[in-house]
Amino acid sequence: MALPLLLGQLLALVGHGGAFYLEVRELEEKCFIQEIPDGTVVIGNYKTELYDPAMEKYQPSPQWINLFVFVKDPENKSPGEHQICLHLESIRFALFYDGKLAIHLDMQLGEHSNDYAEFAAKDKLTQLQLRLQQLVEQVELIQKEQEYQRWREERFRQTSESTNQRVLWWSILQTLILVATGVWQMQHLKSFFKAKKLV
């Protein structure tokens, strides 16, 4: 499974949500990486279309298309990088079409995933109350993002300290090897000169 660099860059540009387009072939899995803070809601909607080579355009996909969307947490940690994978699994798909499925994926993260019009109608909120609710959720999202950035900074600091310590021990080991080699060479040359009776 390859993680396409283009998709990772595209999603980095998207930030906290947005839509993008990609093509997947039968039995193919495409993944991209998204950094998600702890406790962040992620909502994704997708629409699929099949490429029809006879008409040379995309047509709405039939119901029997099996597209699986799943999220992997490679480090088994709640915050951090998550792989979002799309896997197309349909036996009849390649027999009828060119083998390409176009996917329009719309992802919303955090407060962007809330439908405030629905909140206002359901709870009968005034404009001021609705705006206050939005601001509270934005503050919570900012706090989650700050906690996540602190977690990343701590992890980076630990990695840096570990690397620095390894570099220090490696240089000490190299110095000891150099000194030991120098002492051995001096002893060897001294015994060589004594054997040849030059000293």
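Throughout this tour, a residue is called buried when its relative accessible area is under 20%, exposed when it is over 50%, and partly exposed in between, with a 1.4 Å probe and protein chains only. The model on screen is predicted, and for that reason local features are taken where pLDDT is at least 70, side-chain atom pairs count only at pLDDT 80 or more, and totals for chains, interfaces and linings use all residues. Residues are numbered from 1 along each chain as its sequence is written, and side-chain values use heavy atoms, with hydrogens and water left out.

**The whole chain**

Begin with a cartoon view of the protein chain, which has four helices and seven strands; helices (H or I, at least four residues) and strands (E, at least two) are DSSP runs, numbered from the N terminus. Followed along the sequence, these elements give the pattern α-β-β-β-β-β-β-α-β-α-α. Of the 199 residues in the chain, 25% are buried.

**The disulfide**

Select Cys31 and Cys85 next, and show their side chains. A disulfide, meaning a pair of cysteine sulfur atoms within 2.5 Å, joins these two residues with an S to S distance of 2.1 Å, and a search of the whole structure finds one such link. Because Cys31 lies in strand β2 (residues 29-36) and Cys85 in strand β6 (residues 80-88), the pair ties together parts that are 54 residues apart in sequence. The link of Cys31 and Cys85 is right-handed, with 110 degrees about the S-S bond, and both cysteines are buried.

Move on to strand β3 (residues 42-52) and strand β4 (residues 57-60), which pair in the antiparallel sense over four bridges; two strands are said to pair if DSSP finds at least two bridges between them. To see how the strands face each other, select Leu50, which stands opposite Gln59 in β4. Four residues lie between the strands of this hairpin, where Glu56 takes a positive phi near 55 degrees.

**Salt bridges**

Now colour the charged side chains. A salt bridge here is a side-chain nitrogen of Lys or Arg within 4 Å of a carboxyl oxygen of Asp or Glu, and by this rule the count comes to four. One of them links Glu35 with Arg152, whose closest N and O atoms are 2.9 Å apart. Since Glu35 lies in strand β2 and Arg152 in helix α4, this pair ties together parts that are 117 residues apart in sequence. Glu35 is partly exposed, at a relative accessible area of 30%, and Arg152 also counts as partly exposed, at 33%.

Another salt bridge is found between the side chains of Lys47 and Glu49, with 3.8 Å from N to O; Lys47 has a relative accessible area of 49% and is therefore partly exposed.

Then go to Glu154 and Arg157, whose side chains meet in a salt bridge at 2.6 Å, N to O. Both residues lie in helix α4, three residues apart, which is about one turn of the helix. Glu154 is partly exposed at 29% relative accessibility, as is Arg157 at 33%.

**Aromatic pairs**

A pair of aromatic rings is described by the distance of the centres and the angle of the planes. Rings of Phe, Tyr and Trp (its six-membered ring) pair if their centres lie within 6.5 Å, and planes under 30 degrees apart count as stacked, over 60 as edge-to-face and the rest as tilted. The count by this rule comes to two aromatic pairs. Select Tyr148 and Trp151: their ring centres are 5.8 Å apart and their planes stand at 25 degrees, so this pair is stacked. Tyr148 and Trp151 both lie in helix α4, three residues apart. Is Tyr148 buried or exposed? At 4% relative accessibility, Tyr148 counts as buried, whereas Trp151 is partly exposed, at 24%.

For Phe192 and Phe193, the ring centres are 5.8 Å apart and the planes are at 55 degrees, so the pair is tilted. Phe192 is partly exposed at 39% relative accessibility, and Phe193 is partly exposed at 33%.

**A stop on helix α4**

Finish with Leu176, which lies in helix α4 (residues 127-195) and, at 54% relative accessibility, counts as exposed.
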